[in-house]
Structures are given as structure tokens and as C-alpha cells.
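Have the view open and follow along point by point.

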Amino acid sequence: MADEIKKTPAPLKVTIDNITVEVPAGTTILNAARQIGGDVTPPAMCYYSKLEGSGGKCRTCLVEVAAGSAADPRPMPKLVASCRTTVMDGMVVKNITSERVQEARAGVVEFLLLNHPLDCPVCDQAGECHLQDLGYEHGKEGTRYQFDRRTFEKEDIGPTIQLHMNRCILCYRCTYVADQLTDNRVHGILDRGDHANISTHISKAIDNNFSGNMIDVCPVGALTDKTFRFKNRVWFTKPVDAHRDCPDCCGKVTLWQRGDEVLRVTARKDEWGEVQSYEGKPGWICNTCRFEKKAATDWVIEGPTTVNRHSVISQGHYLGMQKPKETIQEVMSGLNPRLLMDIHDVSEVNKLELSQLPGAATSANFKNESTKSE
Amino acid sequence: MGRKLLLEKAQVENIRSYEVYRKQGGYRSVEKALKTLSPDQVTEEVKKSGLRGRGGAGFPTGMKWSFLAKPTGVPRYLVVNADESEPGTFKDRYLMEFIPHLLIEGMITSSYALGSNRSYIYIRGEYAWITHILEQAIEEARQHGWLGKNILGSGFDCDIYVQRGAGAYICGEETALLESLEGKRGNPRIKPPFPAVKGLWGCPTVVNNVETIAALVPIINEGGEEYAKIGVGKSTGTKLISACGNINKPGVYEIDMTISVEEFIFSDEYCGGIPQGKKLKACIPGGSSVPILPANLLLKTAKGETRMMNYESLADGGFASGSMMGSGGFIVMDDSQCVVRHTYTLARFYRHESCGQCSPCREGTGWMEKILWNLETGKGRSSDIDLLWDIQRKIEGNTICPLGDAAAWPVAAAIRHFRDEFEWHVTHPEEAQKRNYGLAHYADPLLAPVA
């Protein structure tokens, strides 16, 4: 089958939530949806486009295929994992327009949160946690689980990485990092079922120079940077793009600063929370850059990082925030429902760049600003 | 007395040894296939026979074989799934233990049809002694020229290897089995690609149940069309049923799919009725993961017809009032059994056997087990029953492999048919600790359907 696809390089048309895009053959539904962007894109907790073989496990990206292809327009009976299903020409996919999908996804969110500790207030991942976002966007407000949560001991799986197995959602991303970035994997999944856990056979065995990327790919706070633990909340820190000449990696990073102090170094993330690519290669960074270069003088500062507007980190009002793409009008086939989608659309407050004011904002600023913009 | 094809010679003394097996007409099918038929003709015979997979899903074997990709220069594999771990199912064990050569014979013919020069038997870890039996049988076959290079001068090479699992139900799922066979953690793969395209070591692979492959022997010996005459409709041939539970004569029976469920349970030729004069309450007709049926729906379908022991009749009424043939693990429960307790036991099994790869199964199976334990021990609430229903619905169909479905179906069916018993456990928590709900109305004749 793979051979047949290679012979026909013509782009395939796929319709996702009433929006049609053209994608090259071999593209997955999820990546086609990412081309559209906005709410139409299914969430992905385990899929990571830069890690080969990842995906299919968390089941949050389930979508309904209403028509398999133009040649065979039968619907697929089950919901499919969009991250691992490739598109066919003329495929019709329903994501946010399908009640079945919404219900199944709420179910998956509930399952993922079932044994997940509610320790966000002390978790270093809070504020940039994909599970938080997922729970907020697709979950229910309460849990129906009335039993004790499953717990594990905290474990140092390497000199610089600490594992909180309680928080892990078993996305397997870190094992793919170890397989594909480091010379050999020394950690993996032990046990099975609900007692499956990530660990090493020899304690503190993870010391490969690229092992720190496991922290970046972890969607939750299970793998944490020991040099940053409990130093600060991410939304109080200032993300700044910087680079250095590194013999081992691309050297392009985000510094998370407080004042001039560099609290944390991470790889640069794209809008899907994945490591950015440079010239088609993922910009993984080495442990030297990540854990040892913690002085601003080690780096050439490029400027503030673009922060996604829906991120809590954007509350610091940094420059150049990205506004999420709005797709509702297209999804509703041209109708423009009067929905209160975003408080910032109707509020004047948002039009003011607080960071550009010389001092504290007063009501005068807002009045001036609103008259100016009109 | 129904016709026997597989177990016909099972009682012959020392049939396990090659000499006796050969004297009883063994390996005739290999001679016939390799000398007179081409590989495609063998596949054609299987298609004509209407043989359906005996592992549980009942997928037509001939069709499965025809899906096998055949790129040049790439080896193809036949893998026999002997990881028989479904609670209540022990037919393959009987077959492999007593007539191992039947499996080997079927495997040689199948390997010839599929072009597999190296075929594997993946056997569950707990069947340690059967591994030895099979290896001995393979060695005997090799010594007599049925395995190895250029079998019977046909130019076809074939070798069979036995691989023991390490005790995981999930490794009976075909892609998890392949992962385990490759020496990896037995996690099911995400499909597509299907094993027929990318299976063992990335090569096209067919995974079949032991009984399916053994059925090749009578199919080739008698011809596909003759085989298809046995049975009814699309349920052709004979099926091994491993009967257990509250019956007088538990064991493995070969049926030709034309007998009724009632006859199977109560006739002396088969299960021999229920001991101590107790009444039939419920039955799981096809291994633990298929829906449980109360006595009244088991013996007669919702339409009032007699339910027969075959694929179609057992599935009559869908999941609303029917069940499945499954793997043939026939579990009978009398009126002293508690369905809540029983459902809890199954939920515990599935929680323990979930691989933990995908979230609905990993988290949902444990959750269901805990709720069922509460219900069983008198700590349940009536809302728990609805919650269970909702959980199973969110697991079913949303997982990577069918284990999620297998865990959800028994719970769903138990609530669907035995809701009264669950509610009684909630409303009479103390009484439920002392006695069982009993037969109640579960054997009462059903009301005639409203036209």
C-alpha cells in the first residue's frame, strides 16, 4: 500500500469540520488539522511529530471519519486516532462537530485525570502543562472517582532529572527520545496495566548528554529539571530567545529569566508545544546548554519569545503574543454565531501593551488607548 | 452424535507419538497438498471450506490469507497463536497436549499455502509442559522428512519453532504476540498497518489460532466443499468447545454446529446437565469476554427460536439479546452463582491483564474493578451501576486493541441482563453478604415480542 501512495504525489483533499485542506499523501489527519489550526486541531498528549513511532496511545486525538475516501465513502465504524491515521483523498473528518468525539474525549480526559494527583499548585509544569490545558478545554469540572489514587515514590532517574511517576500519563515520549536521540535507552516501562511505570533498572542511570530533552517532551510534570525544581512559577519568569555556539547541539534555546538571572533553559517550542525545527531538523539541545549554562553572559540574547496568547505565561504581557486562530465561522459553514468566544475580544483592556508603558497603568491610559485605536 | 474431525483419533492410545499418528492416517494432507496442489489451490480450498477463525473473532480464514501481501524477496511468516489465555477456554491445550501432530500437520500445509519457510508457535508461558510435547513432535516430524529442506521433493522448505510467552493475556492479541515474539514488551501495535502487510519483523504475517490451523487437515483431506457441508450456513465444519462451570461433565467437546444450546448443556453426550439438581441461571457461551446471557435468552433467542451452537445463532439479537461464539469457552452458571461477584472477578482479570498502553483501558479497567468490589461487598450505591455503564461505554471501541472491548462487554452484558441483581446488592447490602440473589426470574419464559 505504501508503494501505491508514493506513486501518486498529487495532493489529497481532506475535509475536517467543514474546512477543506490539501495535504501531501501520507499526512496524518492530525497534521492535516494542524495545517488548519485553531480548535479544529485535535489535542495530542502522546503524539510528538519529531519522534518517530509516537502516538496512538493516549486516545485524546480520536476523531470520527464520516467518509473514508472519495473512492470508498463509507464511514469508519470506530473513532480513530487521528495522529496515526493517514488521510485519503476525499476523506471527511469530524472533530469538534461530532458529539461522539466530544463525549469520547471527555471520557479520555477523565481517565487520564483519574489517578493524576491534584498537585498543580506545587508542580513545576503548571502553566505549561498539556494535561492542564486538556482538562480545561475538554474535561468536566468534577471527578466521579471515589477511590484512593495510585501512588509511586519520587525517583531520581538521573543526576539532573527527577521522575514523579504519580503524574505520568504513560505517553511513552521519553522512551522515544531515549531511543532516537541517545546512544542507548536505559529506562523504560516496567510492569503492566494500571501499575505500569517508568523507571530505570539501575538507579540514576540516565546521564546521556541529550537526556534532558525528555523533560521538554514530557506533556505533564512527571519529568522535571532538577536545576529548576521549585525555583519559580513559569508565569513569573520571562522567556527570552537566545543562542550560543554549541559543539553538540543547535544551541538555540529559550531562557527563562527573572531579572537577569537565568532560572531555566529549554529548547524552543512551536505552537503545538513541540521542539522547533531548524532547516528540517528538530532543535534538540544538549544537557550542557540546558543544565550548565545558567548565566546570561553565556548566551547571545535575541529577544522576547513569542508566547501563545492562550498560555497563562502570557499574563506577563510580553511583546508579540500570538492570538489563537479562530475557525468557528468556517466550521459553522459561514454562519457567524454570536458567541462570547473570548473576553479579550470585547474588552478594551487587551488593546493596551502594558509592557510599553513607562510606569504603572492608570485609567487615563485605557481611555487614551481606546480613543487612539478608534 | 455429531461428526468429529479433529478429536476423532484423540482417544487412540499413544496418538501423541509419530508412529501411531502416522498409522492412523496422519500427514496425508501434507502429501496431498505438496504433491497435487499449488499453494493458491490450498488457499482456494480453505476459502471453499468457509472456515472461520477459531480464536474468537470468527473472521473467514481464507479471506485473511488472501489479504497477505506477497512482495518479492521478503519472507512471509505463519504464526500460530497458542497463547490461549481467555478464562474458560482450554480447547487448544487439549489439542496440543493429546494430538500435537495434528497442529504440526496443519502448519506444514498452511505454511506451504502462505509461502512461509519459518513458522512459529507462540504458546502461553503457563503451558510449559506442552512446549516440550510440541518440540518433541516437531523433532519427530523433522526426522521423518516432514520438516526441513525440500519436503517430499516439492522444493518447499519449512521449519517450525516454538516460542513460550511469559504469562500475559495481552500477548494473545496478534500484534502484541508479534511484539513479544520479536523479543519486545508485549504491547499491541497500532493498526494499520495490519500484520498481513507488516507483521513479524516488518514482514507479511498471518496469525491464526491453533484450532484453525488444525482444521486445515480435514479440509485438505476431504476437500473444502465437503468440509463446508458440515454445519449450517456460514458456520461450517466442527468447533471445539471447552465446557466448564456448573456442569456434570466439563471438558472439551467437538460439535458440528447443528446442535442446540439446550442439548449441549443437558444431553449426556455433552455436558450432562447441571449437578445437584440445580437450575441453569446464566451462561457465557464463548469465553470470558463475550456477553453473558441469562437462561431464558440462552436457550431461546429474543424471537423465540431455539438457540443453536453456531456463530450466527449465538450472535442472534446482537449484543442486546445475543452473545458470541467467541473462542468456545463455554461457562455455565447455576442458580447458586452471583453475577455481581462473577463480573467483579472478570473485571479484576482484565485490570490485571491490561498492558497499560492506552488510557481508557489502563485506567477504566481498574476503576470498574473497584466499583464492582464495592457493589459486591455491600458498599455500592445505585448511581454506581449507571457509572459502570458509562465507564464501559467510554472504554469500548476507544482503545488500541480489543482488550478494551473484552473488558467492557462482560460488564455491559451483566448490567443489561442482570440489573435487578446489581440493584438488589445495593438495596440489600447485608443480605447480599449472606446469600446470593438466586435464580429470580432469569429462567422465566420471555414475553412474546410485540409485533
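1. Start with how two domains of chain A sit relative to each other. In this predicted model, the C-alpha centres of domain 1 and domain 2 of chain A are 29 Å apart. Each side puts residues into the contact: 9 from domain 1 of chain A and 9 from domain 2 of chain A. On the domain 1 side, you'll find 5 nonpolar, 2 polar and 2 charged residues.

2. To place those domains, here are the bounds. The domain assignment of chain A puts domain 1 at 2–107, domain 2 at 147–230 and domain 3 at 231–365.

3. Now chain A as a whole. It has 10 helices and 16 strands, and 37% of its 374 residues count as buried. Take the contacts in chain A between residues at least 6 apart in sequence: 61% of them join residues at least 24 apart.

4. One residue I'd zoom in on is A:Pro219. Find it in the loop between helix H6 (213–217) and strand S10 (223–225) of chain A. Is A:Pro219 buried or exposed? A:Pro219 has 28 other C-beta atoms within 10 Å, and the cut-off for buried is 20 or more, so it counts as buried.

5. Who are its partners? Setting aside residues up to four places away in sequence, A:Pro219 touches A:Met45, A:His130, A:Leu131, A:Ile169 and A:Cys171. Also have a look at A:Cys46: it is 173 residues away from A:Pro219 along the chain, yet their C-alpha atoms are separated by 7.7 Å.

6. Next, the place where the chains meet. Here 24 residues of chain B are in contact with 27 residues of chain A. On the chain B side, the elements giving two or more residues are helix H16 (339–353), helix H17 (359–376) and helix H18 (382–395). H17(B) supplies the largest share, 8 residues. By class, this side of chain B divides into 8 nonpolar, 9 polar and 7 charged residues.

7. Strand S1 (residues 76–82) of chain B and S4(B) pair in the parallel sense over 5 bridges, and B:Val80 stands opposite B:Asn208 in S4(B).

8. Finally, the largest nonpolar core. It has 217 residues, and those with the most contacts inside it are B:Val79, B:Val80, B:Leu95, B:Ala214 and B:Val332. Helix H19 (residues 403–427) of chain B gives the most to this core, with 11 residues. As for B:Val79, its contacts beyond four places in sequence include B:Tyr120, B:Tyr122, B:Leu177, B:Leu178 and B:Val207.

Key. Residues are numbered from 1 along each chain as its sequence is written. Chains are lettered from A and ligands numbered from 1 in the order in which they are written. This is a predicted model: local features need pLDDT of at least 70, side-chain atom pairs count only at pLDDT 80 or more; totals for chains, interfaces and linings use all residues. Helices (H or I, at least four residues) and strands (E, at least two) are DSSP runs, numbered from the N terminus. A residue is buried if 20 or more other C-beta atoms lie within 10 Å of its own, exposed if 12 or fewer, and partly exposed in between; C-beta atoms are placed from the backbone. Two residues are in contact if their C-beta atoms, placed from the backbone, lie within 7 Å. Ala, Val, Leu, Ile, Met, Phe, Trp, Tyr, Cys and Pro count as nonpolar, Asp, Glu, Lys and Arg as charged, and the others, Gly among them, as polar. Domain bounds come from an automatic or database domain assignment. A nonpolar core is a set of buried Ala, Val, Leu, Ile, Met, Phe, Trp, Tyr and Cys residues joined through C-beta atoms within 7 Å. Two strands pair if DSSP finds at least two bridges between them.
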